[in-house]
Amino acid sequence: MTEPLPPQYRPGGLEAALYRRWEAAGDFRPSAPGAEPYVIMMPPPNVTASLHMGHGLNNTVQDVLIRFERMRGKDTLWLPGTDHAGIATQNVVERLLQQEGKTRFDLGREAFEARVRGYVAETGSTILRQLRALGASCDWDRTYFTLEPRMSRAVREAFVRLHEKGLVYRGHYIINWCPRCLTALSNEEAEKHETEGRLWRLRYPLADGSGHVVVATTRPETMLGDTAVAVHPGDARYAALIGRQVRLPVADRLVPIVADEAVDPGFGTGAVKVTPAHDPVDFEIGRRHGLPELDVMTPDARMNDAVPARFRGLDRFEARQRVVEEFEALGLLQGMERHRHAVGRCYRCDTVVEPRLSEQWFVRMAPLAEPALRAWRDGRVRFVPEHRGTEYEQWLTGIRDWTISRQLWWGHRIPVWYCENPGCSHVAASRTDLARCPRCLGTVRQDPDVLDTWFSSWLVPLSALGWPDETPDLARFYPGSALVTAPEILFFWVARMIMAGLEFRGEVPFHTVYLHGTVRDTQHRKMSKSLGNGIDPLEVVERYGADALRYTVVSGMSVGTDVILDPGDLETSFAPGRNFANKLWNVGRLVLSHLEQRPRPLADGPGAVARREMALADRWIVARCDAAVREATAHYEALRLNEAAFTIYHFLWTDLADWYLEQVKPRLYGDVPGGDVARAVLCQAFDAALRLLHPVMPFITEELWQRLPVRAGTQSISRAPWPRPDARARDDAALRDFAAVQELVAALRGIRAEYAVAPGQPIRARVARRHPAFDAERGTILRLAKLAELGVGPAPDEPGAHAVLADGTGVFVPLGDLVDLDRERQRLAGERERLAGLITGQERKLANEQFVARAPAEVVAREREKLAGWRTQREELDAKVARLGAG
């Protein structure tokens with residue numbers, strides 16, 4: 001015999017044991033080869049640290065979808081993995097080395113890579129354990145790591161194919177450079193932050209001494225690398241100066257004044273300094289006019305030997321201050337003003353990015369973006385919420401080439417070899433390592449840089465399934481079904497995966513992109529280590545259970561909106577899930593205690609319960625259960641997961657627990673007529689509710705479902721069939737009639753509360769006319785409203801409380817039984833007198849013209865709201881007094 005459920009729900013040991021059972025049984029592997037595949041590719045967490053609450057939200061949503069489709073009979077695959085996270089992981093390990101007084105150069109490349117692999121082996125396995133604790137039902141046998149050999153092979157294949165098509169090239173261009181990480185960054189990795197900066201106006205004297213030109217800049221230090229001043233060709237202010245020269249102060253060099261369409265005549269003075277080696281717009285101007293490209297900074301953003309000796313070695317910001325001081329001393333600083341502008345920062349270390357002229361590898365993006373844009377426009381890819389599709393389109397239409405080389409050691413080494421024979425100098429991109437030049441057989445050296453982390457990530461929908469080989473997994477599970485991720489990586493990852501899928505496979509990698517909101521604190525700040533406002537999902541799991549975490553984030557997440565949690569008050573933040581789990585456990589204990597024997601079936605067959613045997617409440621709960629199945633399924637399908645959770649919550653907590661269980665209690669206890677019908681109905685309703693809830697709260701639903709005497713022929717609820725709507729269950733009459741019963745009970749409870757009737761004190765009530773539902777559920781009404789008597793007929797001429805139901809039926813409760821009428825009249829009179837005083841004072845205040853004129857509008861509005869509220873309270877008191885009658 002099964003052990004009875006403990007009185008308290010303690011998820012700790014229960015969840016871990018259930019997960020081990022699922023995994024041992026292979027419940028997470030695809031196992032329906034004849035069914036339609038449903039595939040989700042997990043956004044691989046970086047191996048730099050433990051999971052955060054964003055991962056908790058993201059992986060919960062994915063698991064809800066995969067469990068839902070698994071129960072619907074699809075051949076589900078949720079493919080997990082971890083990302084080597086080149087720049088982030090290298091930064092972490094380098095900081096660890098700093099604590100030992102070492103740098104990566106002290107170790108050398110091979111030893112450093114080995115050190116990183118050791119770190120990754122530890123953190124990667126920790127992340128996978130944490131995902132299990134959240135309940136993630138991934139196929140762990142297919143787990144990938146983006147830097148493992150099979151993934152590296154795919155990366156090389158993609159690089160070489162694109163190189164052969166001319167879509168990968170090496171060029172000398174302005175790129176985003178992180179002086180802290182000492183590497184190039186893509187445009188997306190140089191995150192723009194609105195910053196309160198300064199705009200300096202500098203005077204550049206004309207070479208002949210006849211005047212000067214004023215330029216405006218936010219980066220005065222870069223003037224040391226100026227090679228021109230540019231004006232718009234149509235700007236009449238400068239027409240006579242085009243072709244002349246200015247003497248560059250501080251640097252003491254002559255530079256020309258050029259005309260270029262790129263100059264905005266309305267910015268600053270209309271004349272701009274041109275620094276081709278340190279600004280992308282200036283770089284293009286310089287190329288058009290054949291200007292020198294003077295790099296004045298070292299990789300760590302100090303001034304180099306190309307500047308006057310007194311500036312060499314200064315940090316860029318120190319040099320900025322020194323340049324401004326010298327301009328001021330020379331009388332050439334015309335002015336300075338505050339200026340709000342966007343400043344790029346490294347997405348990993350938050351250092352201000354420096355535009356820098358550098359030799360890098362790029363992907364030519366326009367040819368890849370065009371088919372990806374078509375896929376959205378023709379509906380092959382949809383975004384949830386829809387407005388993200390517009391953002392996707394805007395980015396693709398204005399896309400720039402992707403800088404893919406990184407000056408790091410940790411990552412996929414660029415598969416390019418340079419011939420060292422001066423007479424050859426061949427550059428070869430190769431799928432395999434080269435020992436000799438394929439052209440002259442001379443010695444070669446491999447490019448020292450690695451590829452951007454996203455260059456391996458964009459291939460994951462293909463490479464994780466075995467591409468470039470034609471594997472059974474690739475044939476079966478590509479393209480996938482849905483991608484669930486955060487909007488922050490729409491451009492980093494999502495758009496690029498669509499491009500890669502179309503380029504290398506001819507199909508989009510998924511048909512639906514669900515971009516959920518961000519986890520924020522109560523001040524609406526994104527959770528981060530730097531702010532100290534993060535929540536460790538594993539701490540939440542340990543304290544309240546994974547189901548509590550999952551229900552809380554799902555129920556609090558409308559499509560596209562953020563999830564708000566308080567890191568300083570986990571108990572309150574996760575109370576919705578914890579309270580629901582406790583309620584469900586208690587309901588389960590009660591239900592299961594009455595289902596020790598196998599109940600009669602409700603479906604067709606021997607011994608099935610006939611509809612004529614069902615009471616009104618039975619037919620009502622069966623109809624409500626059918627409605628919950630329809631509504632929850634529709635919400636799951638539409639990715640309205642919070643609405644699915646609310647539908648199931650309402651059915652379990654309100655319909656089943658608060659109403660049906662209370663109605664059937666007399667039939668459950670003892671051998672009374674209708675007891676077997678009540679048990680059969682209760683079993684079916686509870687079974688369906690558990691299955692509907694399972695995707696959101698898998699652990700507690702499994703534990704309770706396993707104890708049901710009637711299961712769907714499977715060992716786990718995770719493989720049980722999804723509840724289906726049943727047209728036979730629909731019963732509009734039952735829904736209408738039982739709703740009338742609920743309304744009457746609610747009205748009577750409201751009267752009890754209004755007059756503070758003691759919980760155990762029975763009351764008398766009358767309804768104005770007979771209702772078949774009130775006759776059918778008379779016992780239910782008496783018990784739930786705690787009535788001593790329920791009569792039918794007009795209200796007597798005596799003091800009492802009145803209510804009117806939706807169909808116009810009057811309800812009357814005599815008050816003489818409940819309260820001391822004289823004392824209640826005195827109490828109400830005193831309360832009315834108090835309100836009258838408040839109203840008089842407030843009317844006087846609002847009649848004061850000076851107060852109304854001088855006080856802020858919102859204060860006046862608040863005072864008027866107070867007056868209206870007090871007047872409403874007085875009207876309600878008057879109505880109460882009238883009901884009590886004359887004393």
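Q: Why is arginine 611 called partly exposed?
A: Its relative accessible area is 35%. Buried means under 20% relative accessible area, exposed over 50%, and partly exposed in between (1.4 Å probe, protein chains only), so arginine 611 counts as partly exposed. This is a predicted model, in which local features need pLDDT of at least 70, side-chain atom pairs count only at pLDDT 80 or more, and totals for chains, interfaces and linings use all residues. Residues are numbered from 1 along each chain as its sequence is written, and side-chain values use heavy atoms, with hydrogens and water left out.

Q: Why does aspartate 731 count as buried?
A: Its relative accessibility is 11%, so aspartate 731 falls in the buried class.

Q: How do you know that cysteine 178 is buried?
A: Cysteine 178 has 0% relative accessibility and therefore counts as buried.

Q: Which residues is cysteine 178 in contact with, leaving aside its neighbours within four places in sequence?
A: They are Thr183, Leu185, Cys346, Cys349 and Thr351, where contact means heavy atoms within 4.5 Å.

Q: Why is helix H22 described as largely enclosed by the rest of the structure?
A: Eight of the eight residues of H22 (residues 698-705) are buried, so the description applies. Helices (H or I, at least four residues) and strands (E, at least two) are DSSP runs, numbered from the N terminus.
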